[in-house]
Structure formats: structure tokens, C-alpha cells
Amino acid sequence: MATAPSTIAPPSRPKAPIRWVLDFSGWLLRMDRHALTALMALLVLLILLNVVTRYSGMPLYWVDEAAVYTVVWLTFVGASVMTRLRMDFAVTMLTDQLGARGARVAKSVATLGVTAFGVAMLWMCWQWMDPVGIARHGFDAKEYAAESFNFLYTERTQTLNWPTWVLQLILPVFSATFSVHALANLLEDMGAAERRTHPGFDVVNADAVN
């Protein structure tokens, strides 16, 4: 008697809030990729400009500072990307001794810690930059600094003469994207959704690292 071929049920579609988090994380990852491309191109141009101007005897001193800040932004954007791609390093001496279920629980707890760190960093950036406080003083940096002793909005860079808060915006931006990526990883680790692939990042193998 012939038996009907067994079928494997497709994975259930995650609920709307979970899909929104994963979709938003995917969109942020694409934006991170464009930012990385632009920052790397800018860094190369700055280095070439530095070489040409120094060789010609007319060095531009602001180029060095601009290159340093470009590397800083590259580092934070790259860290955000690595979080979603799970390219962070992991010590597996403990989880290797656990079963599949125990390893999954341990991984979820670790990812929960990463998410909590991102949220805490975002909260600290809010306290540090205090957008409500500066707005309450009519965006008068000197008046705000005199009352709060927070001189973030009065400081300027040495050679570019840019407001330092503009360049330090990478910290809250990183905290926000990092938190979203970590939350997306946590939802996948907890089994609330299937682990997604990320087109455009095919050159890396995240499973080989973590």
C-alpha cells in the first residue's frame, strides 16, 4: 500500500511586531552599508589629499583631524554592522559542554545582555546630550553651560573648528542602531523568528565566527 509522502510544514510567519523589528533592523543594516561605503571613500580621499598637499609643500592641517573623525565614525558604524551579522567574538568553552537547548538559552541570555547594554548606552547619551535641557535654554550653548556645567555645546574641534557635538552624534546613532540590531538578534535566538540572511554581506560567514 502506497504511503503519502511526508511534508515538512513551513516555518510560521512571525507576528507583526516581530516582523517590524526585523524589517527595521534590515533597513538600518542597508543604511549602515551605504554609510560604510561613503566613509571609506571619504577616508581614502582625505589620505590622498594629505599626501598630495604635503608633497607639494602646502599641507592642510585640518585633513589629519578630519581623517581621525572619519575613522571614529567608521569604527562605530562597523561595530553596528558586525552586531547584526553576529561577527562579534564568542568564548564557547561553556556552551560547548551544554546540550542544544542549554546552548540556546545561554546564547539568548548573552544576546539579552548585549541588548541591555545598547539601551543603557542610548539612555546615557540622552542624559549627556540633554536635548530637552538645551532646548529649554533656547539653544543658547553658553547659557546652558553656565547652569548645567555641561560644556558639550560650547566646545569646538582644534583645526576644523566644528562644534564637537556634531561629530559626537555618532554615539547616540550607534547606540540606537546597535540596540535595534541586538533586539533583532535576540528575537531570532529566542526562536520568535527564523534567522534571516543579509544580501550584500555574502562575503562573510557569520556562523564561522559565532
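Visitor: Buried means under 20% relative accessible area, exposed means over 50%, and partly exposed lies in between (1.4 Å probe, protein chains only). So on that scale, is Thr177 buried or exposed?

Guide: Thr177 has a relative accessible area of 10%, so it is buried. Before we go on: this is a predicted model, where local features need pLDDT of at least 70 and side-chain atom pairs count only at pLDDT 80 or more, while totals for chains, interfaces and linings use all residues. Residues are numbered from 1 along each chain as its sequence is written, and side-chain values use heavy atoms, with hydrogens and water left out.

Visitor: Where is Thr177 found?

Guide: Thr177 is in helix α7. Helices are DSSP runs (H or I, at least four residues), strands likewise (E, at least two), numbered from the N terminus.

Visitor: And what does Thr177 touch?

Guide: Leu28 and Ser80, not counting residues up to four places away in sequence. Contact here means heavy atoms within 4.5 Å. Thr177 and Ala79 are 98 residues apart in sequence, yet their C-alpha atoms are 9.9 Å apart.

Visitor: How do α2 and α7 pack?

Guide: Helix α2 (residues 61-84) and helix α7 (residues 170-189) pack at about 10°, with axes 8 Å apart. The axes are lines fitted to C-alpha atoms, for helices over the stretch in contact, and angles run from 0 to 180 degrees between N-to-C directions. The two helices are therefore roughly parallel to each other. For the scale: under 35 degrees is roughly parallel, over 145 roughly antiparallel, 65 to 115 roughly perpendicular, and the rest oblique.

Visitor: Which residues meet there?

Guide: From α2, they include Trp73, Phe76, Ala79 and Ser80. From α7, they include Phe174, Thr177, Phe178 and His181. By class, the contact of α2 with α7 has 10 nonpolar, 5 polar and 2 charged residues. Ala, Val, Leu, Ile, Met, Phe, Trp, Tyr, Cys and Pro count as nonpolar; Asp, Glu, Lys and Arg as charged; the others, Gly among them, as polar.

Visitor: What about Phe174 and Phe178: how do the rings sit?

Guide: Their centres are 5.2 Å apart and their planes at 40°, so the pair is tilted. Rings of Phe, Tyr and Trp (its six-membered ring) pair if their centres lie within 6.5 Å; planes under 30 degrees apart are stacked, over 60 edge-to-face, the rest tilted. Both Phe174 and Phe178 are buried. Being 4 residues apart in α7, they are separated by about one helical turn.

Visitor: Which residues do ring pairs link into a cluster?

Guide: Phe76, Phe117, Phe174 and Phe178.

Visitor: New topic. How many residues are in the largest nonpolar core?

Guide: That core has 16 residues, and Val81 and Leu85 have the most contacts inside it. A nonpolar core is a set of buried Ala, Val, Leu, Ile, Met, Phe, Trp, Tyr and Cys residues joined through side-chain atoms within 4.5 Å. Its largest share, 6 residues, comes from α2.

Visitor: What is Val81 in contact with?

Guide: Leu29, Asp32, Leu36 and Phe201, leaving aside neighbours within four places in sequence.
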